[in-house]
Amino acid sequence: MAKKEEINNNEELSQEELLEVLKDRFENNRHRHEGLEWENIQAKLQAETEKLNSLHKMEQTGGEPDVVGYDKEKGGYIFYDCAAESPKGRRSVCYDREALESRKKHKPENSAVDMADAMGIDLLTEEEYRALQQLGEFDKKTSSWVQTPADIRERGGALFCDYRFGHVFLYHNGAESYYAARGFRGSLLV
C-alpha cells in the first residue's frame with residue numbers, strides 16, 4: 001500500500017488500513033479533538049461497520065475525515081471532512097436532485113445531496129462549516145455547498161461557503177449551478 005499521505009482516492013482500503021489512516025490523521029491533528037482518545041473511537045468504529053463504510057467513502061472521495069468532537073447528547077464522535085480544499089471526488093455537482101433534473105443542457109453527473117445520501121453522511125450546516133474553520137483554514141481556493149433552509153431552496157437557491165481574506169463567507173447560487181471548484185463537505189456521527 002502507498003504511504004498514508006499518498007493514498008490514491010480510488011484505492012480500496014481494508015478495514016485495518018482505513019483505521020490506520022484515520023488513526024494517523026487523528027494523531028497528527030490533535031488540536032481538532034483535544035481530550036479524546038483514539039482507542040475509544042476505534043472501538044466505536046469497529047462496532048459500527050456501516051459508519052466505517054461511510055468513512056471509507058469520505059476518504060475515497062478526498063475528504064480526509066477526522067474527529068472534530070464528541071456529542072454527549074447522542075453519545076457519538078463527530079467526523080467532518082478536513083481536506084484543505086473541498087474534496088476532489090465531490091466537485092462539479094449541483095445542489096440536489098431537483099436542481100439536477102431541472103437542467104436542460106450540460107448536466108453535472110450528480111448532486112451534493114444525492115452523493116451525501118449515498119455515502120451515508122450529511123452536508124455540513126453553516127454552523128458546522130464555521131466550527132470547522134475554527135480548527136484550521138479550509139476552502140481557500142474552493143467552495144462547499146452547505147445545507148440550505150427550505151424557504152431558500154423552494155425559491156430555487158442553495159447556499160455555499162468558502163474562506164477568503166481571513167473570514168468565512170456564506171453565499172447563494174441557483175441550486176442547479178455547478179463549478180469545478182465547488183463540492184461539498186460532510187459530517188458523520190459515529
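A residue is called buried when its relative accessible area is under 20%. C82, at 4%, is therefore buried. The model described here is predicted. The protein chain has 190 residues, of which 47% count as buried, and contains 7 helices and 8 strands.

**Overall form**

- The radius of gyration of the protein chain is 16 Å, which agrees with the value near 16 Å for a compact globule of 190 residues.
- The C-alpha trace spans about 50 × 30 × 30 Å along its principal axes.
- Among contacts in the protein chain with a separation of 6 or more, 60% are between residues 24 or more positions apart.
- The protein chain has an accessible surface of about 10000 Å², and carbon and sulfur atoms account for 45% of that area.

**Nonpolar cores**

- In soluble globular proteins, nonpolar side chains tend to be buried together.
- The largest nonpolar core has 34 residues, and the members touching the most others are I41, L45, L55, F79, W145 and F184.
- At least two residues of this core come from each of α1 (15-28), α2 (38-47), α3 (49-60), β2 (76-81), α4 (97-102), α5 (112-119) and β5 (157-164).
- Helix α1 supplies the largest share of this core, with 5 residues.
- Beyond its neighbours within four places in sequence, L45 is in contact with L19, L22, W38, L52, L55, F79 and V190.

**Cysteines**

- A disulfide is a covalent bond between the sulfur atoms of two cysteines.
- The structure holds 0 disulfides.
- C82 takes part in no disulfide, and the cysteine sulfur nearest to it, that of C161, is 15 Å away. The cut-off for a disulfide is a pair of cysteine sulfur atoms within 2.5 Å.
- C94 is likewise in no disulfide, its nearest cysteine sulfur being that of C161 at 18 Å.
- C94 has 0% relative accessibility and so counts as buried.

- S144 lies in strand β4, which covers residues 143-146.
- S144 counts as buried because its relative accessibility is 0%.
- The side chains of S144 and D139 are joined by a polar contact of 2.8 Å.
- Apart from neighbours within four places in sequence, S144 is in contact with S86, Y129, D139, F160, C161, R182, G183, F184 and R185.

How values were computed: Residues numbered from 1 in each chain as written. Predicted model: local features only at pLDDT ≥ 70, side-chain atom pairs only at ≥ 80, totals over all residues. Heavy atoms only, no water. Helix = DSSP H or I, 4+ residues; strand = E, 2+ residues; numbered from the N terminus. Buried < 20%, exposed > 50% of the residue type's maximum accessible area, 1.4 Å probe, protein only. Polar contact = N/O pair within 3.5 Å; in protein donor to acceptor, adjacent residues only side chain to side chain. Contact = heavy atoms within 4.5 Å. Rg over C-alpha atoms; globule rule 2.2 N^0.38 Å. Areas by Shrake-Rupley, 256 points an atom, 1.4 Å probe, with all protein chains shown as cover. Core = buried A, V, L, I, M, F, W, Y, C linked by side-chain atoms within 4.5 Å.
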